[in-house]
Amino acid sequence: MKDMRKNAFWVVLALPGILWLVVLFIVPIYAVLAIAMGKLDQLIESPVAVWNPLDWSSSAVIDVWRDVFGSSAFAGPIIVRTLVYTAIASLLCLLIGYPAAYFVARFAGRRKALFLVLLIAPFWISYMMRMLAWIDLLSSGGYVNKALGWVGVSPVNWLGGQSVTVILGLVYGYIPYLIMVLYAGLDRIDPALLEAGRDLGLGRVRTFIHVTLPLSRQPILTGLLITVLPMLGDYYTNQMLSGAASTSMIGNLIQGQLGTPGLEGQGAVLSLMLLVVLLIPMIYYVIATNREAAQ
Amino acid sequence: MTAPAATPAPAPAPPPVPAATPAPDISGHRSFRPFWRNPWRHPWFLEGFTWLYLIWSLVPIAIAVLFSFNNGRSQSTWQGFSWRWYFSDPVNSVLHDPQLHAAVIQTVRLSVLTTIIAVPLGVAFALGINRWRGPIPATFNFVMILSYVIPELIFGVSMFFVFTTLFSSVHLGTLSEVLGLVTWNVSWPAIVVQARLVTLGRQYEEAAADLGASQFQVARRVLLPLLAPAIFASAVLVFSGVIDDFVIVDLLSSSAGNTPMSVIIYSTQHGGNGGPALNALGSIMLAMSLIIVVLGYLGYRLLSRGEASVGLAALTAISGEG
């Protein structure tokens, strides 16, 4: 009883947040499930949520299954494309981001604050503004085509459905997040460990391979997750930079189904499928960062 | 944006600057060594690479800002300086185009409302969850962290469905946008404040309790002042996060009157009606974020004075990487 009273104050503090999360996070996720497993109002073609699991119907799930794996599967190639784009873009993010984060964490010295400000800057600039910047540069009369013209290359229609442009946009859009995670992880490495490696006769490269790289495994993994998770749900980068169906991703599929009468149930199914696939990496991320904090 | 539970521990001492340390000559006699064999030489290649990355990352944005001042309709050919896309054009400037004008106001409105609701909610949640022992708080802490890592599209879809089917009296629009944004952002104060509580330890509140303070007094007179920098940093994160938010507001906005800047830039450019007015809108967003960041940086340093906190710690704190 005394324990209850001792707790009461903190319970009262936590309660509004708990209620908020129940009503506006748990219930909405369940609503997606209820619509995915729900029925379709044939008359107005709007989805009817079925809240009781005993009454669930699997018609939307079957529809989606056919779209993904069936003989006329139009969603299959889109999913493959999403995976390919995400894999290439996140690896490029890592290849570009790691050296930059490594330099700033290890060697920037007294100019560290300056470098850090410049590294973080894109993080504060609106995603759409950053996409707009590349639209300006890559448009038919933009600076990229002008520069190509000087070296005698004819103008390229960069914004007309090029995979390269979309991948560039994804890298440009998400790399600041990766760099921040990498920087924080690399900055935490005790320089004494690196000095020990050096004292024991390792050269610069071997110190990196045997000491720094193993110690940065965790930041690399969490950093990749933080770029991969949003990329898989991205529908705006390719819409801004290409707009062609030949570059559409899972996100476009889901977003397109949301406003379309009769297809909203399938949008719900696809979102849930994405959530189920991503649940394991999400939980890994939570555990990994908790462990990091506990250290 | 990252590391939900990263501790805002005082920043580790900066690593020694290898370039500044001359190679110790312990051999006793002078030996010639080519510069590339010097293990302490400055990593020029890495530095060059970093500068190239920074140029690639920042120059396009600078050019986009430049074109918001273009005296012409092109977003790619410079035709002289003017303020026409900001206010002097009587029809198409941000000031006079009703849609663009409304977007600026809507972004500010959403940022202010979301910050006012999400920060107290998240701070109270963090305090309560952190001190209340048992399986219930642990469960809800996990739920909160899930809301932090769930992809925004899936979260936005769930919000869209809940406001079009279950809570349909809420309608799409400003109210649903604020409810969605608060839920999406409440994890910032909740995570940042909990991390700060962990590093603070419990000795201050135990001392206060020994001196006869009630739990309320402990929270009000001891914890809140100690948490002030963390609360402030999380408010900065929420405010600037809402300015930049796109997915949630895109899915939950319903008409021109409740569509914020990021969505207007997206839909107008994608619809083929782009022009320097969009660059102007983006530059205004950039200026708003910049003001918030500078205020956040100065405010954080002011609030955490007296601690071994340097500028670097303030920088990483207001970018969510404390």
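**Labels and their cut-offs**

Tutor: Taken over C-alpha atoms, the centres of domain 1 and domain 2 of chain B lie 37 Å apart. The model is predicted, so to speak of local features takes pLDDT of at least 70 and side-chain atom pairs count only at pLDDT 80 or more, while totals for chains, interfaces and linings use all residues. Residues are numbered from 1 along each chain as its sequence is written, and chains are lettered from A and ligands numbered from 1 in the order in which they are written.

Student: Which residues make up domain 1 and domain 2 of chain B?
Tutor: Domain 1 covers 16-22 + 33-61 and domain 2 covers 98-318. Such bounds come from an automatic or database domain assignment.

Student: How many helices and strands are there in chain B?
Tutor: Chain B has 13 helices and zero strands. Helices (H or I, at least four residues) and strands (E, at least two) are DSSP runs, numbered from the N terminus.

Student: Why are helix 5 of chain A and helix 1 of chain B called roughly perpendicular?
Tutor: Helix 5 (residues 127-138) of chain A and helix 1 (residues 44-67) of chain B pack at about 80 degrees, with axes 8 Å apart. Axes are lines fitted to C-alpha atoms, for helices over the stretch in contact, and angles run from 0 to 180 degrees between N-to-C directions. Angles under 35 degrees count as roughly parallel, over 145 as roughly antiparallel, 65 to 115 as roughly perpendicular and the rest as oblique. Helix 5 of chain A and helix 1 of chain B are therefore roughly perpendicular to each other.

Student: Which residues of helix 1 of chain B meet helix 5 of chain A?
Tutor: Pro60(B), Ile61(B), Ile63(B), Ala64(B) and Phe67(B) do, and among their partners in helix 5 of chain A are Met129(A) and Trp134(A). Contact means that C-beta atoms, placed from the backbone, lie within 7 Å. Ala, Val, Leu, Ile, Met, Phe, Trp, Tyr, Cys and Pro count as nonpolar, Asp, Glu, Lys and Arg as charged, and the others, Gly among them, as polar.

Student: How many residues of chain B are in contact with chain A?
Tutor: In chain B, 91 residues are in contact with 92 residues of chain A. Helix 1 of chain B gives the largest share of the chain B side, 13 residues. That side divides into 61 nonpolar, 25 polar and five charged residues.

Student: What makes Val236(B) buried?
Tutor: A residue is buried if 20 or more other C-beta atoms lie within 10 Å of its own, exposed if 12 or fewer, and partly exposed in between. Val236(B) has 24 such neighbours, so it counts as buried. Val236(B) sits in helix 9 (residues 215-244) of chain B, and, leaving aside neighbours within four places in sequence, is in contact with Ile292(B), Gly296(B) and Ile318(B).

Student: Why is Phe167(B) called partly exposed?
Tutor: Phe167(B) has 19 other C-beta atoms within 10 Å, so it counts as partly exposed. Phe167(B) lies in the loop between helix 5 and helix 6 of chain B.

Student: What is the phi of His171(B)?
Tutor: His171(B) has a positive phi of about 50 degrees although it is not a glycine. Most residues other than glycine have a negative phi. His171(B) has 14 C-beta neighbours inside 10 Å and therefore counts as partly exposed.

Student: Which residues have the most contacts inside the largest nonpolar core?
Tutor: They are Val32(A), Met129(A), Leu178(A), Tyr183(A) and Leu281(B), in a core of 172 residues. A nonpolar core is a set of buried Ala, Val, Leu, Ile, Met, Phe, Trp, Tyr and Cys residues joined through C-beta atoms within 7 Å. Helix 7 (residues 163-187) of chain A supplies the largest share, 16 residues. Beyond four places in sequence, the contacts of Met129(A) include Ile61(B), Ala64(B) and Met285(B).

Methods: Two residues are in contact if their C-beta atoms, placed from the backbone, lie within 7 Å.
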